[in-house]
Amino acid sequence: AQIMARGLPKQKPIEGVKQVIVVASGKGGVGKSTTAVNLALALAANDSSKAIGLLDVDVYGPSIPKMMNLKGNPELSQSNLMRPLLNYGIACMSMGFLVEETAPVVWRGLMVMSAIEKLLRQVDWGQLDYLVVDMPPGTGDVQLSVSQNIPISGAVIVSTPQDIALMDAHKGAEMFRKVHVPVLGLIQNMSVFQCPNCKHKTHIFGADGARKLAQTLDLDVLGDIPLHLSIREASDTGQPIVYSQPESDELIPGLEALLVSH
Ligand code: ADP
């Protein structure tokens, strides 16, 4: 009754999963999936004794299969649960494994909800220390139902420094507060581009918008990631930057900071 009084349905942990971290954004295309993938890999690299999973609930545009260089249909366990696919030591599950790569997801709300239910409850993760969840962009039904169905340790919000992205990131942060999910902080992505020839730096989407938003919301900026050709190439070839260039500190500041501070 107490839980209902707060307006929240009962949350049930995902079996075998200790902590869930969601990666969210207000807008699409700001680097949310890139962050989710690299965060999962950074968590694994940071402590090899930890078991890490990556769940892609971005049902309309799943990117995890491509970014993690995985495809195929999950096998079923004896108890009829889907087995995650594995690459770079990360157990992955995505809507992209269940539908054709080029098939558009043209679903009514109820079908989306049953897909989410399947992804949340019908996966055999074994034992995981962290499950990183790649949310869809925005603050819709999927984000709400994920936040209300499973206990979430924290949310990381990704934004570019552009006003329109920040405005939506602000809404995202407010949504998590409403459903009592702690926001761990913001990641500013694509803030600066350095010309490889002349080394001139350009702030294509603005310089420090996320910092200002973080101040307004009293949150930390967990990372500030430049717009860099290697990051885009790494995503497109399914060799995420934290895996393929672990030494390149210039490109992955913040991810480590995120792990240390939380
Ligand atoms: P979202 O999940 O927010 O839609 P993605 O992570 O899919 O965004 O990123 C959108 C595109 O931008 C992808 O092609 C990705 O490779 C690229 N990208 C993301 N972050 C960077 C970056 N810092 N530098 C270069 N390309 C990036």
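Select Val23. Leaving aside neighbours within four places in sequence, Val23 is in contact (C-beta atoms, placed from the backbone, within 7 Å) with Lys32, Thr35, Ala36, Leu39, Val132, Val133, Asp134, Met135, Val156 and Val158. Residues are numbered from 1 along each chain as its sequence is written. This is a predicted model: local features need pLDDT of at least 70, side-chain atom pairs count only at pLDDT 80 or more, and totals for chains, interfaces and linings use all residues.

Next, the core. A nonpolar core is a set of buried Ala, Val, Leu, Ile, Met, Phe, Trp, Tyr and Cys residues joined through C-beta atoms within 7 Å. Buried means 20 or more other C-beta atoms within 10 Å of a residue's own, with C-beta atoms placed from the backbone. The largest core has 71 residues; Val22, Val23, Ala40, Ile90, Val132, Val133 and Ala155 touch the most other members. Helix H2 (residues 32-46) gives the most to this core, eight residues. Helices (H or I, at least four residues) and strands (E, at least two) are DSSP runs, numbered from the N terminus.

Now select strand S5, residues 128-134. Six of its seven residues are buried, so S5 is largely enclosed by the rest of the structure. Strand S1 (residues 17-25) pairs with S5 in the parallel sense over six bridges; pairing needs at least two DSSP bridges. Val17 has Leu128 as its bridge partner in S5. On to strand S2 (residues 52-56): five bridges join S2 to S5, also parallel. Asp56 is bridged to Asp134 of S5.

Finish at the ligand. It is surrounded by 18 residues, the closest being Gly31, Lys32, Ser33, Thr34 and Ser235; near means a C-beta atom, placed from the backbone, within 6 Å. H2 and helix H8 (229-236) each supply at least two shell residues.

Note on methods: A residue is buried if 20 or more other C-beta atoms lie within 10 Å of its own, exposed if 12 or fewer, and partly exposed in between; C-beta atoms are placed from the backbone. Two residues are in contact if their C-beta atoms, placed from the backbone, lie within 7 Å.
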